[in-house]
Amino acid sequence: MTEISLPKSVTAAAGTNIALVKYWGKRDAALNLPAAGSLSLTLANLGSETTVRFAPDAGGGDGRDCVLFAGAPADPKFAARVQRFLDLVRTRAGFRLPAEVATTNTVPTAAGLASSAAGFAALALAASRAAGLRLSAAELSELARRGSGSAARSIFGGFVEMSAGTRADGADAVARGLLDEKAWDVRLCVAITAEGPKAIGSTAAMERTALTSPYYQGWLSSVPADLDQARAAIAARDLAALGAVAERSALRMHACAMAANPHILYWNPATVAAMSSVKALRTGGTSAFFTIDAGPHVKVLCGAADAPRVEAALAVTPGVMRVLVLAPGQGAHIVNEN
Ligand code: PMV
C-alpha cells in the first residue's frame with residue numbers, strides 16, 4: 001500500500017447565495033443536474049465553516065465518519081448526506097479513510113435560513129483539500145453541486161451564473177463568477193417572516209413540480225431570456241433591470257410550484273405584506289426588488305445607500321420578525337490548513 005500524506009485538517013468557509021434567476025427543476029436527479037441555468041449573489045456573514053480530517057483514527061476509530069453540526073452529533077439524515085458526499089471525494093482521491101467533519105453555520109439560529117448552499121460549498125473545498133486533491137474552481141463547483149444544486153454557485157463570490165450544461169456526466173453543469181463581491185455595492189435585506197423548517201424541501205418540491213405542474217415547461221422555457229437580461233443588467237450595473245428580472249423569476253418559480261398537485265405554497269401573510277412593502281418603497285422612489293426562495297422569507301435587493309430605508313420599511317411590515325442586511329461576499333475559501 002502506498003503511503004498517503006494528507007494535511008491534518010482543513011477548514012473552509014463559504015457564504016450562502018440567493019438566486020436572482022431561480023433554479024427549480026433537475027434534468028438528472030442522481031447527479032443533481034439542473035434543468036435550466038440560474039444566477040445568484042453570494043453573501044457575506046451568512047454562511048458555513050467546515051473542518052475536515054481524513055485519518056484511520058478519525059471519528060473514534062471505528063472506521064465510520066463522524067459528523068458534527070454546531071459541536072453536537074449531526075442528525076442522522078444530514079450525516080448520511082455528508083457521508084455520501086465524502087464518498088465522492090474518497091473515490092476521487094482513491095482511498096477509503098474515514099473522516100471527521102465539523103460544521104458550524106454563521107446563520108442566525110432558528111431563522112429558517114440554514115443553507116445547504118454554503119454548507120456543501122465549504123465541505124467540497126475542505127474535504128477535497130483534506131483528501132490531498134487540488135481541484136480547479138470549476139471542478140469544485142461540479143463537486144459542490146452533487147451536495148446541493150445551489151452549492152455549485154457558492155464556490156464563487158459576488159454575482160455568479162450556473163450553467164445547466166448539456167453533458168450527461170454533468171462536467172459542464174458548473175457555475176462561474178460574473179462580477180466579484182467588491183465590484184457592485186448592493187445589499188440584500190432579508191425579512192424573516194417565520195421560525196422553523198420549511199414546509200417541503202427543495203428536492204422533493206422540484207420533483208413534484210416537474211411531475212405535476214402544468215406550468216413546468218413554461219417555467220423552464222422562460223429561464224434563458226431571464227438569464228440573458230440578468231447578465232446584461234449586471235454588466236451595466238443596472239439595478240432596476242436586474243431587480244425586474246429577479247422579481248419575475250421568483251414569481252414564476254413560485255407560480256409553477258403553486259400549480260403542482262398537491263400544491264406547494266411557501267408563503268405566509270407576512271411574505272405577501274413584505275412584497276407590498278417593497279412595491280410601496282418603489283412607489284416612493286426607492287429602488288428595491290424582492291425575491292423569495294423555498295420558504296416564506298423575503299429577500300430584497302437594493303443599493304447600499306438605500307439599505308437603511310429598506311430595512312426600516314421591512315421592520316415595520318406586519319408579521320416580519322426581524323431583518324438582516326447582507327453585503328456581497330466572497331466564494332468558498334480556505335480558513336486554516338495544517
Ligand atoms: O440547492 P437546492 O436544492 O437547495 O435548491 C435551491 C432552490 C432555490 O433556493 C429555491 C432556488 C435557487 O436557485 O437557489
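Arginine 153 lies in the loop that links helix 3 (137–147) to strand 8 (159–162); helices (H or I, at least four residues) and strands (E, at least two) are DSSP runs, numbered from the N terminus. The model is predicted, so local features need pLDDT of at least 70 and side-chain atom pairs count only at pLDDT 80 or more, while totals for chains, interfaces and linings use all residues. Residues are numbered from 1 along each chain as its sequence is written, and side-chain values use heavy atoms, without hydrogens and water.

Arginine 153 is buried (under 20% relative accessible area, with exposed over 50% and partly exposed in between; 1.4 Å probe, protein chains only). Beyond neighbours within four places in sequence, the contacts of arginine 153 include Asn17, Tyr23, Ser40 and Met162, where contact means heavy atoms within 4.5 Å.

The largest nonpolar core has 43 residues; such a core is a set of buried Ala, Val, Leu, Ile, Met, Phe, Trp, Tyr and Cys residues joined through side-chain atoms within 4.5 Å. Trp24, Phe159, Trp184, Trp219, Leu242 and Leu301 touch the most other members. Elements giving two or more residues to this core include strand 1 (10–21), strand 10 (186–192) and helix 6 (239–258), and helix 5 gives the most, with 8 residues. Apart from this core lies another, of 42 residues, among them Val82 and Phe156.

An open sheet of 4 strands has the order 11-12-10-13, with antiparallel pairing; two strands pair if DSSP finds at least two bridges between them. Strand 11 and strand 13 stand at the edges with a single partner strand each, so one side of each has no neighbour in the sheet. From one strand to the next the twist averages 25 degrees. Helix 7 (residues 269–283) packs on the sheet, touching strand 11 and strand 12, and its direction makes about 160 degrees with that of strand 11; axes are lines fitted to C-alpha atoms, for helices over the stretch in contact, and angles run from 0 to 180 degrees between N-to-C directions.

Within this sheet, strand 10 and strand 12 pair over 6 bridges, and leucine 188 stands opposite leucine 301. Strand 11 is joined to strand 12 by 4 bridges and by a hairpin of 6 residues. Because 6 of the 6 residues of strand 12 are buried, strand 12 is largely enclosed by the rest of the structure.

Definitions and conventions:
Lys, Arg positive; Asp, Glu negative; His and termini not counted. Salt bridge = Lys/Arg side-chain N within 4 Å of Asp/Glu carboxyl O.
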